[in-house]
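I am opening a notebook on this structure. The entries below record what I looked up, topic by topic.

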Amino acid sequence: MLKKTPASLLALALAVGLTFATVAPAQAASDGRPGGGGGHNSSRGYDRWWSNPTPTQSPTPTQSPSPSSSPSPSPSPSASPSAKPSPAPSTAPSPVPSTSPSPAPSSSPSPSTAPASRSVATTSKTTQPTTTYGVAAYIYKKLDPNKPASWGNSGAQRLLVQVLDNPSKEANSWFSSLDPALLPDDVCGAGWAIQQDKAKVANGFSFPDDIPQQVDNIGWPPLYDAKHTDLSALMTVPLCAGAEASLTITPATCTAPEKVVLGATSHAAWGALDRVSGPGSYTVTATADPGYRFADDSTAKTFSGTLAGVLPKSDPSCAPPPKCIPNSSVSYTYDPARNSGVITVPNPANSTGELCRSFWVTAASWKYLGSSQWAQKIDVVDKLGEISTPGDYPYTAPVTCGQGDIYASYDGADATLDPGPYLWGPDNPFDEKFLHEMGFTGPRPTYTTTELGCNEVTAEPSTTPPTCTAAGQYTLPDVDKVTWWVDGVETEPGTYTVKAGTKVTVVARATEGTVLKGGVQDPRTLLWSYTWKLDFPKPECQSPELTGQITAICENDVPWISYTVTLVDPDHQSTGDTAELTFQSGSDSFTFIPALGTIHDGETLSGRVLWPGAAIDGDGDPIGWPGWSNEGGVWHEIDGNYAWTRDGVTAIISVNPSISDDLEYPSGNPYCNPGPTVIEPTLSSVPATCDATTSGTFTLPDIEGIVWKVDGVVTEPGTYSGGTPSTKIVTAELDQSDGPVVLAPGAQTRWELEFTAPKECLTIEGSTATGECLADSPWIFYTITLTDPYNQASDHDADIIMTDGTNTVTLPLGTVPPSGVLTGKVLWPGASVDPDTGEANGWPGWVQVDGEWTTTTDPAHYGWTRVITTATLSVNPEMQVDLTYPPATPDCNTNPPEDPPTYGIFPTSAVLAQQCTTDGRGVLTLGQVDGVSFFEDVNYFIDGVPATSSTVYLRAGTYEVTVTTKSPNDGLQGATAWRVTVTGAQVCGELETLALTGADAGVLLALGGILVAAGAAAAVTARVRMRRAE
């Protein structure tokens, strides 16, 4: 065991210290932010576990002597939360370039001499290291001005100055002073601090302009040291404007001297006031709060002066006060006839010029509302207001018909001073106080009344009954203060006419305060009224009557209106004597001008007028009709020119009375047509037939007033050839030479006649195609007959198209010659012959493998063509012909000349499940025999659509199921067609086996015969079943 001597402990301590100095020189910031490396994060919240030791001394890097005698940064605090940096010794040298030379080259300015600018302070150098060091100063407002500057007490920071080109850490000194010119305008007074950051400058690094509150947006590295300092430690901080202080002097009186009153202050405080009141001098000083200054830039403001004492008794303002004017000296006059007078307030010597007690006066007059004294309504009010000074105060309130009162009171709010609107009796609804009750000198009493009945008037309407020739009348006299109302409507005075048989209610209403003689008073409104019911009965008079008729006629193709009317009016009830003719139809109306004439009782008026819109020439011949316009010699039907009258009108002859008839526009007849002749041109055409000698015709009828044009050429009426194929443009134009003609509404005037060959004329009917075996090869012999009398066929190339619904092959046959008949033969698809010998060497559905012929289902070998029954002959048009693969004969074999091939015989099956699915569908199983599926060996169809699965789900309905072989050499064992009916009920449906088709039976018989002859039928079936079972 080692002995723990003081020397060994010192050595251990030095070793540990050197270790920390080596491995952690820049792990944490001295301003409380976590540093880089050493596992510190980039948050500037380091002072949550460490803060500056004292408010007045921020930690600064210590300088330890080194062999090179260059300063080195002090060790950063440990990353451990318990570690705290020690403050720099008070004797540690401050890195102020002005007093201690910086190790940096002389060409690089030190921080203390940084220019007053926010930009980087750098100087050009001949050479510059790739890595430099920088220091920046940020200003911020302390969150708590009474606490030390620190990261935790920092608000948002702004960059003041930065230096980025110091060549080493040793040369990268702290700012020891700052130029106040760098400060933003808002920085003044106490509470501001500076944070200085040191950083390694590389890769274009620059200090940010702003640091959000306690958010480190720089990080460690590139920072390697930082510290906080109050701004006042680096400069003299400018004072803030806004300190204010003022005082006032209270004037001296006869009983009190002048006094000093200290006013409110802003950012300042008062010192001791050495004198408050006079006589004598005073001095007091206001001192600005720390960091503030007065408007004159001082921090203290002194006020001084001399205060006066109490005013002497000889001062005029200290003389004894005058006395008020006694109210008993007030006098008044009163004239009851005018309800007026004058109030006089005297002005005695040594008075104050004011009454000892003010008073108020109101003169009022009232109007009687009825035939008795009460109630009354206010009429005139004369408010004199407050009377308190000497003078004459006249008052008046004339009385017309009622009562006059002069009210007075020492209380300006007394109700008696504001009378109205009604007075129901003495002191009702307020306590009446009169001028004569005030104790003044004057007559009594100060009120007056007029005689009753002074407000009564008489008003009555007069009437004149109606006669057969004159209306009734009533007259409303003009009476002062009376309004007239007729049937609830206010009416001016005057004489008014009334229709016979009318009743009128007339009411006379008096204005308020006026009594209507004989009338009644409304107990609620106190207004008087009188009501009359005026009756104006009808006299026994005969009503006027207009008799006669109005008719529409056509003469010489001109429409006329003929009329004959007689007025019967013995009592002269007609209001006019002028007869006017008017046409009306819906919202349209036309009145004939001039009028038909004048007519009186017993007179008859007759004549005729042209229909509106019609016109004649000097000879009486028509030159215009309603609804028609002649433009450029052509008549056009238009909506104007009274076209609306052609649809029927109501004709009215009015005299008052009137007579009316419904008129229709006069219709035409063989002798009179009131308008242009209406023509509707027509033509007929006959289409072409397959007989090329008849190419179609068209016929133009002979119609008076119509000129025909064919393809723009004038053509006489007649029948013409269509010239199939062709298109004829036929137009019909009006000819006005024999009289005015127009087209019927909607008449057709243009025809586009197409003469085309009937489709059925182009045909290859009669063409044939037959499969024949020739020299052991299958051939197709064909004859194509093309009928095309109109040369409709786009080309004459002939083809035969064979398909089984899935596969298709087209065989070119050649070009149909001008004779229209093409004959020849072509090998069956998949067949081939030796080009030299003509010997068959290929058959459809067969391929030769290892020298042996075998069947194939590859569509490319056309085995599928053996089962087709039809083909299509195509020339344009096309037709379907019967075509089957030629059967072999004893002299011709359509298969390879080898031993009989091995045929496949496949069993068939279709089974419908007894139970339907839950949604009512039937389940049909196909090709399942004795547990073995033969579905893939054959083709099953449902209603002609190939089945893609051996299990098929069918909805309710009836279906045809069929099966065929995939190879023409295979056979089927069992039924080949079924009818399936799905009901969707409890018993899902039924399956019916259809009769075996002849084709299937023939195949089976043929195959059976071959197999029996070969002795191999049983072996084949066993082979197929065995293969399927596997």
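Which residue in strand 43 is the bridge partner of Phe583? I found that it is Ala651. I note here that the model I am reading is a predicted one.

**Entry: strands 35, 43 and 44**

I looked next at the strands around that pair. Strand 35 covers residues 578–585 and strand 43 covers residues 649–654; the two run antiparallel and are joined by 5 bridges. I then followed Ala651 to strand 44, where its bridge partner is Asp661. Strand 44 takes in residues 658–663, and its pairing with strand 43 is antiparallel, over 6 bridges. So far I have Ala651 bridged to Phe583 in one direction and to Asp661 in the other.

I also checked the turn of this hairpin. There are 3 residues between strand 43 and strand 44, and Asn656 has a positive phi there, near 75 degrees.

For strand 27 I looked up the pairing with strand 26 (residues 482–486), which is antiparallel and has 3 bridges. Within this pairing, Trp484 has Thr491 of strand 27 as its bridge partner.

**Entry: nonpolar cores**

How many residues does the largest nonpolar core have? I read 34, and the residues with the most contacts inside this core are Ile780, Ile784, Ile800, Met802, Leu813, Trp828 and Leu873. I listed the strands that each supply at least two residues of the core: strand 55 (777–785), strand 56 (797–803), strand 57 (808–815), strand 58 (821–827), strand 63 (870–874) and strand 64 (878–882). Strand 55 gives the most, with 4 residues.

**Entry: cis peptide bonds**

I looked up two prolines in the loop between strand 21 (422–423) and strand 22 (447–449), namely Pro429 and Pro445. The bond from Asn428 to Pro429 is cis, with omega near 20 degrees. The bond from Arg444 to Pro445 is cis as well, with omega near -5 degrees.

**Entry: positive phi in two loops**

I checked Asn339, which sits in the loop between strand 14 (331–332) and strand 15 (340–345). Its phi is positive, near 55 degrees, although Asn339 is not a glycine.

I then turned to Asp557, in the loop between strand 33 (545–555) and strand 34 (558–568). Asp557, also a residue other than glycine, has a positive phi near 65 degrees. Its relative accessible area is 27%, so I wrote Asp557 down as partly exposed.

Conventions
Residues are numbered from 1 along each chain as its sequence is written. This is a predicted model: local features need pLDDT of at least 70, side-chain atom pairs count only at pLDDT 80 or more; totals for chains, interfaces and linings use all residues. Side-chain values use heavy atoms; hydrogens and water are left out. Two strands pair if DSSP finds at least two bridges between them. A nonpolar core is a set of buried Ala, Val, Leu, Ile, Met, Phe, Trp, Tyr and Cys residues joined through side-chain atoms within 4.5 Å. Buried means under 20% relative accessible area, exposed over 50%, partly exposed in between (1.4 Å probe, protein chains only).
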